[in-house]
Amino acid sequence: METNGNEEVTSLYSLSCRDRRFSKHIHDNVHGNIYLDPFFLQFVDTEQFQRLRELKQLGLTHMVYPGAVHSRFEHSLGVYWLAGEAVHTVQGHQGSEINIERNDIRTVKLAGLLHDVGHGPFSHLFEREFLPRVLNGSEWSHEDMSVKMIDYIVDAQHIEIDAAILNNVKEMVLASSANASQNTVNEKRFLYDIVANGRNGIDVDKFDYIVRDSRACGLGCNFQFQRLLETMRVMGDEICYRAKDYLTVHKLFATRADLHRTVYTHAKVKAIELMVVDALTLANGELSISASIQEPAKFWKLDDSILRQIETSDKQELKKARDLVLRIRRRDLYQFCNEFAVPKDKQEHFKDITPQDIVCSQKNGDTPLNEEDISVSIVKIDLTRGRSNPLERFGEALLACISTSSIKFFQDYESDYKFPIRDERISHLLPAFCQDMIVRVYSKKPELVGAVSKAFENYQLKTYGLKAQVHDTPEKKKRRV
């Protein structure tokens with residue numbers, strides 16, 4: 001059996017080397033050498049995929065972290081490469097036991113390459129904040145658009161691809177989304193967990209962006225995806241990990257949460273995002289930004305340059321939007337007033353706070369405020385499963401419809417038994433609660449910071465009976481005019 005496994009690895013290595021003679025070689029600053037053979041280049045060398053160069057991976061974060069200018073293009077190449085490494089690893093270790101074929105490898109790698117091809121501008125701001133505002137609660141998602149874009153690229157570029165491969169690629173792209181297929185084939189189900197893992201959140205998409213984003217922002221990263229990638233094992237049609245790598249798995253989720261708190265939802269980044277959402281909303285009528293989201297032929301022409309288009313336009317209809325963009329350029333940002341973390345016992349039934357709630361908390365004699373003077377940002381940071389721990393069993397109420405635990409481990413390569421691990425079996429220092437919910441309030445006008453801060457404090461006292469914020473808004477900021 002061991003000999004057959006070694007032969008599989010040797011055969012795989014030889015095949016890989018032979019393919020590379022006809023491949024394009026790209027040197028990536030995270031993964032080193034990446035190779036693209038002619039099949040994948042059919043997709044990469046298209047205007048639709050090249051558009052990803054014009055979408056910054058972290059949206060507007062580069063205005064706070066100047067190094068965060070990497071694009072979804074390089075991230076997609078990274079996910080493509082890691083997807084290939086993952087499927088090669090389990091094939092090399094388990095050989096014919098799991099019956100991975102050449103088309104399976106091609107399918108997983110293509111899903112990794114194209115998983116973000118339907119992404120909108122400015123990271124997730126476009127679909128989570130802009131579209132719901134202008135389209136009355138829109139539930140449009142970049143995963144669904146990626147599926148449409150994949151079909152569009154195949155048709156527009158006349159790419160010959162097996163229909164079964166194409167269908168499986170699209171299902172893999174959707175695997176972690178709300179619209180994941182409920183009829184996904186049971187055979188080789190583990191392949192659908194490599195790029196976008198809807199079962200437990202461990203996937204090569206996160207492997208890439210956690211390391212890539214940390215490096216771009218100049219932050220340290222002690223999560224080592226290589227440990228998980230090199231030792232993963234398929235057991236019962238799901239990918240399992242060594243029990244000794246439990247803390248590495250935990251670091252994946254903890255590092256992701258830390259990036260959300262310190263980078264993705266940085267208070268200044270959110271201030272800029274709020275301004276961009278306002279600018280896009282004001283410009284939408286003139287530029288019909290939201291009109292393209294169902295038509296791939298129009299959508300692929302939409303990227304981060306829309307902000308520059310607003311800024312340089314002479315149209316009177318875009319003046320208000322243009323003025324907002326100019327405020328961003330001149331660092332005249334919405335002013336962060338204060339924030340508080342929603343108590344954990346209040347999170348389950350938390351109701352979104354609106355500018356109206358803040359205005360209605362004013363007292364007689366306070367500087368009068370309008371809803372248009374205030375922006376509220378509600379930030380949720382979790383370990384990918386809301387208030388639940390992705391490493392532990394689902395709650396009893398869910399066990400009726402979900403019979404498996406979130407993440408499974410194995411003792412060693414001689415064992416065929418897989419099992420979940422509870423945090424307390426490893427350490428009592430791991431978090432007992434897995435979600436933060438932070439409410440931030442901003443004043444759109446510097447001279448109103450004091451009034452907005454006071455109204456926000458009144459709201460906290462009225463709602464919780466105390467000031468939930470850590471400290472008062474600095475007096476210096478209140479006096480700024």
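Predicted model: local features only at pLDDT ≥ 70, side-chain atom pairs only at ≥ 80, totals over all residues.
**Figure 1. The open, four-stranded sheet.** The strands are arranged in the order S3-S4-S7-S8, and their pairing is mixed. Strand S3 (233-235) and strand S8 (418-419) form the edges, each pairing on one side only. Strand S4 (residues 238-242) and strand S7 (residues 409-410) run parallel and are joined by two bridges. Across this pair, Tyr241 stands opposite Phe409 of S7.

**Figure 2. Buried residues of helix H15 and the end of the helix.** Helix H15 comprises residues 319-329, and its buried residues are Ala321, Arg322, Leu324, Val325, Arg327 and Ile328. In an α-helix there are 3.6 residues a turn, so residues three or four places apart point the same way. Just after H15, Arg331 adopts a positive phi of about 60°.

**Figure 3. Packing of helix H12 against helix H15.** The axes of H12 and H15 lie 8 Å apart, and the two helices pack at an angle of about 160°. Because this angle is over 145 degrees, H12 is roughly antiparallel to H15. The crossing of H12 past H15 is left-handed. On the H12 side, the residues in contact are Ile272, Met275, Val276, Asp278, Ala279, Leu282 and Ala283. Their partners in H15 are Lys320, Ala321, Leu324, Val325, Arg327 and Ile328.

**Figure 4. Packing of helix H7 against helix H8.** Helix H7 (residues 142-156) packs against helix H8 (residues 163-173) at an angle of about 160°, with an axis separation of 9 Å. The two helices are therefore roughly antiparallel to each other. Their crossing is right-handed. H7 contributes Glu143, Ser146, Val147, Ile150, Asp151 and Val154 to the contact. From H8, the contributing residues are Leu166, Val169, Lys170 and Val173.

How values were computed:
Residues numbered from 1 in each chain as written. Heavy atoms only, no water. Pairing = 2+ DSSP bridges. Buried < 20%, exposed > 50% of the residue type's maximum accessible area, 1.4 Å probe, protein only. Axes fitted to C-alpha atoms, helices over the stretch in contact; angles between N-to-C directions. Parallel < 35°, antiparallel > 145°, perpendicular 65-115°, else oblique. Left-handed = near helix turned anticlockwise from the far one by under 90°. Contact = heavy atoms within 4.5 Å.
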